[in-house]
Amino acid sequence: MVDRSFMSDSAETRDDEGAQAPHGATDIDNDTAEPSVKPHLILALDYGVKKMGMALGNTITGTARAFDILAMNNGQPDWDNLLGIIKVWGVAKVVVGLPLNMDGSSSMLSKRAHKFARRLAHRVMEQRLPVTVTLCDERLTSVAAREIAWENGWIQNERDPIDDISACILMSTYFADPNSSLAIDAIKPD
C-alpha cells in the first residue's frame, strides 16, 4: 500500500498518553540518552545520484508511506541528516534499493548503490545504532511509481519527482519476500 499523504515535514507522532508531538520529537531527554528502536519500522531508500526517495514501512501492518526525497551530492547524502532520521524515528532496518539491469547483472548505478549501502552500514555501526542494512532488487520500481503517480494525480508533469513512491514500491517488494534481501555484511563487493 502506498500512502503519499505522509510526508516528513507534516508528520506528527503520538506519545504514550496519545498527545500529539511535533515531527522529530522523541523520547530522548538529553544527548546521553539512547534513542528507542522500534523493531517494526523499516526505512526504504531508492538510491540515486541526484536524489534519494525514502519510505517508512511498518512490519506489523505491512504498509509503506512515502516519507521524503533527499538531495544527493553525486551519490552522497547529508550523512548527519540521514543518520538523524534513522535515530529519531527509531528505524530498525534500512532497505536500500539495488538497481540491477533487467537480466539481473550489475549496472554502474547498482555498484554505486552497493557502495552507498556499505558506507551506511559502517556509519550506523560507528554510531552504535542497532540497525541492519540490506539490499533489495528494485528493478522497475520507477516505472511502476510513475504509473501510480499519474493514475492518482500526484504528478502533473513527467519530470515531477516520484522517488519517494519508488521507495514505497521497494518496501512492498521487501514485504512480499523479506528473504530476498541480503544483509550488507553477507554480500561481497563486485
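Me: In what order do the elements of the protein run from the N terminus on?
Reply: This is a predicted model: local features need pLDDT of at least 70, side-chain atom pairs count only at pLDDT 80 or more, and totals for chains, interfaces and linings use all residues. Helices (H or I, at least four residues) and strands (E, at least two) are DSSP runs, numbered from the N terminus. The order is β-β-β-β-β-β-α-β-α-β-α-α-β.

Me: What percentage of the residues of the protein count as buried?
Reply: The secondary structure comes to four helices and nine strands. Buried means under 20% relative accessible area, exposed over 50%, and partly exposed in between (1.4 Å probe, protein chains only). Of the 190 residues, the buried share is 41%.

Me: Is V91 buried or exposed?
Reply: V91 is found in strand β7. V91 and H40 are 51 residues apart in sequence, yet their C-alpha atoms are 7.9 Å apart in space. At 1% relative accessibility, V91 counts as buried.

Me: Which residue forms a salt bridge with K51?
Reply: Side chains of opposite charge can pair when their charged atoms come close. A salt bridge here is a side-chain nitrogen of Lys or Arg within 4 Å of a carboxyl oxygen of Asp or Glu. The count comes to one. With the closest N and O atoms 3.7 Å apart, the partner of K51 is D163.

Me: How many residues apart are K51 and D163?
Reply: K51 is partly exposed at 33% relative accessible area, whereas D163 is buried at 13%. K51 lies in strand β5 (residues 51–58) and D163 in helix α4 (residues 163–176). The pair links distant parts of the chain, with a separation of 112 residues.

Me: What is the angle between the planes of Y174 and F175?
Reply: Rings of Phe, Tyr and Trp (its six-membered ring) pair if their centres lie within 6.5 Å; planes under 30 degrees apart count as stacked, over 60 as edge-to-face and the rest as tilted. The count comes to four aromatic pairs. Y174 and F175 form a tilted pair, with 6.0 Å centre to centre and planes at 55°.

Me: Which residues do ring pairs link into a cluster?
Reply: A pair of aromatic rings is described by the distance of the centres and the angle of the planes. Ring pairs also build a cluster, and its members are Y47, W79 and F116.

Me: Where is N74?
Reply: N74 is not a glycine, yet its phi is positive, about 55°. Its place is the loop between β6 (63–71) and α1 (79–89).

Me: Is R128 buried or exposed?
Reply: R128 is found in the loop between α2 and β8 (132–137). Its phi is near 60°, a positive value in a residue other than glycine. At 73% relative accessibility, R128 counts as exposed.

Me: What is the relative accessibility of M102?
Reply: M102 is found in the loop between β7 (91–98) and α2. M102 counts as exposed, and its relative accessibility is 56%.

Technical notes. Residues are numbered from 1 along each chain as its sequence is written. Side-chain values use heavy atoms; hydrogens and water are left out.
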